[in-house]
Amino acid sequence: MATYIPPIRSANPYLPFGDQRTAPFYGKDILSVKQFGRPDLEYIFGVAHEMREMVSRVGTFDLLKGKILVNLFYEPSTRTSSSFTSAMERLGGSVIPINEVRYSSVSKGESLPDTVRTLECYADVIVLRHPEVGASALAAQYARKPIINAGDGVGEHPTQALLDLFTIREELGEVEGLTVTMLGDLKYGRTVHSLARLLSMFNVRLHYVSPAILRMPPEILEEIRQKGIQQTEHETLAEVLPQTDVLYITRVQKERFTDLDEYDSVKSAYIITPDIMAAAKEKMIVMHPLPRVGEISMDFDADPRAAYFRQMEYGLYVRMALLAMVLGKA
Ligand code: ASP
């Protein structure tokens, strides 16, 4: 007679049948937004939504108890590093912070592959920010544990783009049909490189407003054109502000300029004030990955359309979701 063997139940509410190896994204690297399709986004945002509810209900819970994250930052960060720390700790895990590589063996000349091979001996996941494009992909070639790209030079910032898209959805209800205007340093701003790519999976209209020397890189324009998305480039915001649903502002990235006179010539090209925003819709949002260094006047902060502080909080839920996913718990 056959014996009935009941399925193994997990203590984890997100995994009814317990085998974490079947969870999507388990053990995967997060290197570029190009790796995601629409169903992945739905899944990530669904988990992020649950994280938001759990944080408001219980604050901290033990989904990742015993797991360890390394925050390995070769470039400055406030929001990305502290939101990953908060995300890990709210999920019951812990963090090794290496925010000052100056004080690690990197300053003795250790290579990135050796540094990640070292740190993965002590941790389950590595969050990496590095000044060189492709650094996370390189690290991932050597690491056995998941690498999460937290910004690779002027390349990509995929977790920021995911939280940006989550913000748009939570604030405006949906992404389809929106007009998104990106403003500022579109050449060096990695957040807009990732966000434009992610948005091109939806039926949106994209406007790019920048000084001539800071235009969106041609290869990204071409990639997005091939998806059939309408894109236009401008030097003045007034041309597109009235029809904009999402105004995404970026800082001019001083650290990427070799010629500081060139930086000085464009650093104050656009400053958002309540007066300028009088021409915008009543129902729209203003976003910024932050830090801002003068692109948005503080007088605008109290306007309900100013979503940039709320955007940071959405980042916590998205990063909690991503950690739970790559560690097989969602
Ligand atoms: N915090 C964002 C980044 O790391 C934006 C910025 O630095 O301006 O790319």
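Author: A cavity is a set of points, on a 1 Å grid over the protein atoms alone, where a 1.4 Å probe fits but cannot get out; a pocket is an open set with protein on both sides within 12 Å along at least five of seven lines, and lining residues have an atom within 4 Å of a point. This is a predicted model, in which local features need pLDDT of at least 70 and side-chain atom pairs count only at pLDDT 80 or more, while totals for chains, interfaces and linings use all residues. Residues are numbered from 1 along each chain as its sequence is written, and side-chain values use heavy atoms, with hydrogens and water left out.

Reader: How many cavities of 30 Å³ or more does a search of the whole structure find?

Author: The search finds one. The largest cavity holds about 60 Å³ of space, a volume being the space filled by probe spheres set on grid points joined across faces, edges and corners.

Reader: Which residues line the largest cavity, and how does the lining divide by class?

Author: Among them are Leu 183, Pro 211, Ile 249, Val 252, Lys 267 and Glu 295. The lining divides into seven nonpolar, two polar and two charged residues. Ala, Val, Leu, Ile, Met, Phe, Trp, Tyr, Cys and Pro count as nonpolar, Asp, Glu, Lys and Arg as charged, and the others, Gly among them, as polar. Lys 267 and Glu 295 of this lining therefore count as charged.

Reader: What is the volume of the largest pocket, and which residues are closest to its centre?

Author: The volume is about 400 Å³. Of the 21 lining residues, Arg 129, Arg 190, Arg 251, Leu 290 and Pro 291 are the closest to the centre. Helix 2 (79-90) and helix 6 (190-199) are the elements that each give two or more residues to the lining; helices (H or I, at least four residues) and strands (E, at least two) are DSSP runs numbered from the N terminus.

Reader: How do you know what space the ligand takes?

Author: A molecule sits in a pocket if more than half of its atoms lie within 2 Å of the grid points. By that criterion, the ligand takes the space of the largest pocket.

Reader: What is the peptide bond from Leu 290 to Pro 291?

Author: That bond is cis, with omega near 10°. Pro 291 is in the loop between strand 9 (285-287) and helix 10 (308-326).
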